[in-house]
Amino acid sequence: RKTCERPCWQGGHREKSAELDRTRETNLKQKEWNERRDHRQVLELPVNVHQLTNEKQCEWVKRQHKKLALKWHPDKVVGSTMERAQRKMREVSDAKDMLTGQLGCKGGRERRGRRN
């Protein structure tokens, strides 16, 4: 049996349970946000992109991902915006993964130029 740092009558257990409740609440809010988030809006895709063929939509997704990845890459951002850049980069990557999966885009990189 594990002993507590403080006796129960001093509120040691209540503080730990409150902290766990806050953590659970934060995780639930994050999960709800991920489910509600519009991935097309995160990648700043045009409103009428859904009218294009899947192949063209995949091109748009990849192009916008590259543009935003260059903008928000943590190595390119300096100073106090580092955490924001990391968060944005994670959102952009998640949005690209979700949309390419939904659209059935080709995986991997396509090489340009000559093949040896």
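View 1. The chain has four helices and zero strands. Helices (H or I, at least four residues) and strands (E, at least two) are DSSP runs, numbered from the N terminus. This is a predicted model, in which local features need pLDDT of at least 70 and side-chain atom pairs pLDDT 80 or more, while totals for chains, interfaces and linings use all residues. Residues are numbered from 1 along each chain as its sequence is written, and side-chain values use heavy atoms, leaving out hydrogens and water.

**View 2. The chain in totals: burial, contacts and surface.** Of the 116 residues in the chain, 23% are buried. Buried means under 20% relative accessible area, exposed over 50%, partly exposed in between (1.4 Å probe, protein chains only). Take the contacts between residues at least 6 apart in sequence: 51% of them join residues at least 24 apart. A contact is a pair with heavy atoms within 4.5 Å. The chain exposes about 10300 Å² (Shrake-Rupley method, 1.4 Å probe). Carbon and sulfur atoms supply 48% of that area.

**View 3. Helix α4 covers residues 82–103.** At 1.5 Å a residue, its 22 residues should span 32 Å, and the end C-alpha atoms are 31 Å apart, which agrees. The expected span is 1.5 Å times one less than the number of residues. G104 follows α4, with a positive phi near 75°.

View 4. Buried in α4 are A85, M89, E91, V92, A95, L99, T100 and L103. These residues cover an arc of only 165° around the axis, so they lie on the same side of α4. The arc is taken from the directions from the helix axis to the C-beta atoms. The face turned away from the buried side carries the exposed residues E83, R90, D97, G101 and Q102. Cover for the buried residues includes α2 (39–42) and α3 (54–72).

**View 5. E91 sits in helix α4.** E91 counts as buried because its relative accessibility is 19%. Residues up to four places away in sequence aside, E91 touches R37 and V42.

**View 6. The largest nonpolar core has 15 residues.** Such a core is a set of buried Ala, Val, Leu, Ile, Met, Phe, Trp, Tyr and Cys residues joined through side-chain atoms within 4.5 Å. L43, L45, V61, L68, V92, L99 and L103 have the most contacts inside this core. The elements giving it two or more residues are α3 and α4. α4 gives the most, with five residues. Neighbours within four places in sequence aside, L103 is in contact with N54, Q57, C58 and V61.
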